[in-house]
Amino acid sequence: MDIKIHSDFSNANLDEMREVYCSVGWTKHTNEIIKQVFEASNVIALATVNGRIIGFGRGISDGVFNAAIYDVVVHRDFQKQGIAKKIMEFLLDKLSNVSCVHLISTTGNEEFYRKLGLKRVKTGMARYLNHELSDEYLE
């Protein structure tokens, strides 16, 4: 399988991206929302096989001090093949000169990010408008 990682969002197939989100249960991502959040991100990784998007991740950064990585998602049919690792390595490489990179892991994936060199934040703070997410992620 020839996996390519690139950052060209200009011709990205939003239906394929929505399918990736839906495959892992993230069903609130419409094509419009996907377009909005990826266009607002200045660091993007798209994983493709034969031109089809099967995974992605994105980040927002000031380019010097801080960055945050979001939505590292791989289609359920392509998981456990090292694709998420390649996406993260691509994003972290693009952010290699940024002093601090933040990421909020989905529940159960903390060890994956730990293996990539990320560590738990002692003073992390957050606010969620969604009560279910608030209950899952906040103390």
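What volume does the largest pocket have? About 1,500 Å³, where a pocket, on a 1 Å grid over the protein atoms alone, is an open set of points where a 1.4 Å probe fits, with protein on both sides within 12 Å along at least five of seven lines. The volume is the space filled by probe spheres set on the points, with grid points joined across faces, edges and corners.

Before going further, a word on the model. It is a predicted one, so local features need pLDDT of at least 70 and side-chain atom pairs count only at pLDDT 80 or more, while totals for chains, interfaces and linings use all residues. Residues are numbered from 1 along each chain as its sequence is written, and side-chain values use heavy atoms, with hydrogens and water left out.

Back to that pocket. Its lining runs to 40 residues, and Trp26, Asp71, Val72, Val73 and Thr106 sit nearest the centre; a lining residue has an atom within 4 Å of a point. Several elements supply at least two lining residues each, including helix H2 (31-39), strand S3 (52-61) and helix H3 (83-94). Helices here are DSSP runs of H or I with at least four residues, strands are runs of E with at least two, and both are numbered from the N terminus. Strand S4 gives the largest share, 6 residues. By class, the lining has 21 nonpolar, 10 polar and 9 charged residues, counting Ala, Val, Leu, Ile, Met, Phe, Trp, Tyr, Cys and Pro as nonpolar, Asp, Glu, Lys and Arg as charged, and the others, Gly among them, as polar.

The second largest pocket holds about 1,100 Å³. It is lined by 26 residues, with Leu103, Ile104, Arg120, Val121 and Gly124 closest to its centre. Two or more of the lining residues come from each of S4, strand S5 (100-103) and H4, and S5 has the largest share with 4.

Now for the packing. In soluble globular proteins, nonpolar side chains tend to be buried together. The largest nonpolar core in this model has 20 residues, and Val72, Ile83, Ile87 and Leu91 have the most contacts inside it. Such a core is a set of buried Ala, Val, Leu, Ile, Met, Phe, Trp, Tyr and Cys residues joined through side-chain atoms within 4.5 Å. Strand S2 (43-49), S4 and H3 each supply at least two of its residues, and H3 gives the most, with 5. Val72 touches Phe56, Gly57, Ala84, Ile87, Met88, Leu91 and Tyr113, leaving out residues up to four places away in sequence; contact means heavy atoms within 4.5 Å. Apart from this core lies another, of 14 residues, among them Phe9, Val37, Ile44 and Ile53.

Two residues are worth a visit. Thr48 lies in strand S2 and counts as buried because its relative accessibility is 7%, buried being under 20% relative accessible area, exposed over 50% and partly exposed in between (1.4 Å probe, protein chains only). Ile54, in strand S3, is also buried, at 0%. Beyond its sequence neighbours within four places, Ile54 is in contact with Thr48, Val73 and Ile83, among others.

Finally, the cysteines. Cys22 counts as partly exposed because its relative accessibility is 36%, and Cys100 is partly exposed at 28%. A search of the whole structure turns up 0 disulfides, a disulfide being a pair of cysteine sulfur atoms within 2.5 Å.
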